[in-house]
Amino acid sequence: MSRTRRQWFGEHLTGLRRARKLSQRQLAGKLCALSGVQTLTRNEVSRWERGERIPGSWLPVLAQVLDVLLSDLEDAAAYGRGETDEPPVERRATPTTTGAVLPIAPEDQHDDMAAMDSFRVADRQLGGGHLYEAVVRYLNSQMAPRIFGTKSVSSTPETFFAASALTEMAGWMAHDSGQDIQAGQHFEHALSLSRVGSDPALTAHIHASLSHLALQSGEPGKARDLARAGRDVAKVGSFVPMLGARLHAMEARALARLGEAVGSH
């Protein structure tokens, strides 16, 4: 039986994901970490790959994570939705646009993304304050040895990505439980880890988190500067609309608090 257009897109996406050695859970985790939207699950990625749905606003973030041109994914999605007649060239087994498949430590990285997914689900059910100690314990016992200890020689950009995303998660949990000093420390550590992992979108996302915390702490000038710095970082990678909107919103709130005219910048 011939493939439907949606199935063609699903197989195309599956090939891109597998070429990067990412599980569906890992892909969902990275998409959530970069976009700041915490509701995407492995099941939704599975629906995309089975051809049940075509991603909409997630395409720019997918392009960032999979390291492909956004136009390529948009062309594939347009064909999947029946908006074009000819399928684009399939590139399911090709290297990334930087010339090589992303290096990943499969077992460790799978465990990290599985842990992140579990913490995220539990956070929605219980609230971050109940999980803060567990996340910090995981970072100290499972991730720190691979980054700073005897196992650090095997660290990859993906390891730093997971550590950064989990550290930012700990920051939000600390903030939710009223521990803003600890939250700021976590966000700063997450920022440093994201820079080592060389992921502009995640780095920009953490700038937005720091901007939010600065605004909550009564430092609108610092919040404005952090939001603008995040926008500058975001320009380095593929444009992610949800991230750009968040940074613009943080800057606008800071400017409003400062009494400045938003339209003057």
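Helices (H or I, at least four residues) and strands (E, at least two) are DSSP runs, numbered from the N terminus. The model on display is predicted: local features need pLDDT of at least 70, side-chain atom pairs count only at pLDDT 80 or more, and totals for chains, interfaces and linings use all residues. Residues are numbered from 1 along each chain as its sequence is written, and side-chain values use heavy atoms, with hydrogens and water left out.

**The whole chain**

Begin with the entire chain in a cartoon view. The chain holds 12 helices and zero strands, and its elements, read from the N terminus, run α-α-α-α-α-α-α-α-α-α-α-α. Of the 265 residues, 49% are buried, where buried means under 20% relative accessible area, exposed over 50% and partly exposed in between (1.4 Å probe, protein chains only). Among contacts (heavy atoms within 4.5 Å) with a separation of 6 or more, 67% join residues 24 or more positions apart.

**First stop: Thr14**

Select Thr14, which is placed in helix 1 (residues 5-19). Its relative accessibility is 11%, so Thr14 counts as buried.

**Second stop: helices 2 and 10**

Next, display residues 24-35 and residues 200-216, which are helix 2 and helix 10. The axes of helix 2 and helix 10 come within 8 Å and cross at roughly 45°; such axes are lines fitted to C-alpha atoms, for helices over the stretch in contact, and angles run from 0 to 180 degrees between N-to-C directions. Helix 2 is therefore oblique to helix 10. In this scheme angles under 35 degrees count as roughly parallel, over 145 as roughly antiparallel, 65 to 115 as roughly perpendicular and the rest as oblique.

Show side chains where the two helices meet: Ala33, Leu34 and Ser35 belong to helix 2, and Ala201, Leu202 and His205 to helix 10. By class, this contact of helix 2 with helix 10 has four nonpolar, two polar and no charged residues. Here Ala, Val, Leu, Ile, Met, Phe, Trp, Tyr, Cys and Pro count as nonpolar, Asp, Glu, Lys and Arg as charged, and the others, Gly among them, as polar.

Move to Val61 in helix 4 (residues 59-66). Val61 is buried, with a relative accessible area of 0%. Beyond its neighbours within four places in sequence, Val61 contacts Leu31, Leu34, Ser35, Val240 and Met242.

Display helix 7 (residues 132-148) with helix 9 (residues 180-196), which pack at an angle of about 30° with their axes 14 Å apart. Helix 7 and helix 9 are therefore roughly parallel to each other. Tyr132, Val136, Ile147 and Phe148 of helix 7 make the contact with Gln182, His186 and Leu193 of helix 9. Five nonpolar, two polar and no charged residues take part in this contact of helix 7 with helix 9.

Centre the view on His186, in helix 9. His186 is buried, with a relative accessible area of 13%. Apart from neighbours within four places in sequence, His186 is in contact with Tyr132, Val136, Thr167, Ala170, Gly171 and Ala174.

Then select Val135, which lies in helix 7 and is buried, with a relative accessible area of 1%. Leaving aside neighbours within four places in sequence, its contacts are Phe119, Leu166, Ala170 and Met173. Ala115 is 20 residues from Val135 along the chain, and their C-alpha atoms are separated by 8.9 Å.

**Last stop: helices 11 and 12**

Finally, display helix 11 (residues 220-234) and helix 12 (residues 241-258), which pack at an angle of about 155° with their axes 8 Å apart. Helix 11 and helix 12 are therefore roughly antiparallel to each other. On helix 11, the contact residues include Ala223, Ala227, Gly230 and Ala234; on helix 12, Leu247, Met250, Ala254 and Leu258 are among them. The contact of helix 11 with helix 12 comprises nine nonpolar, three polar and five charged residues.
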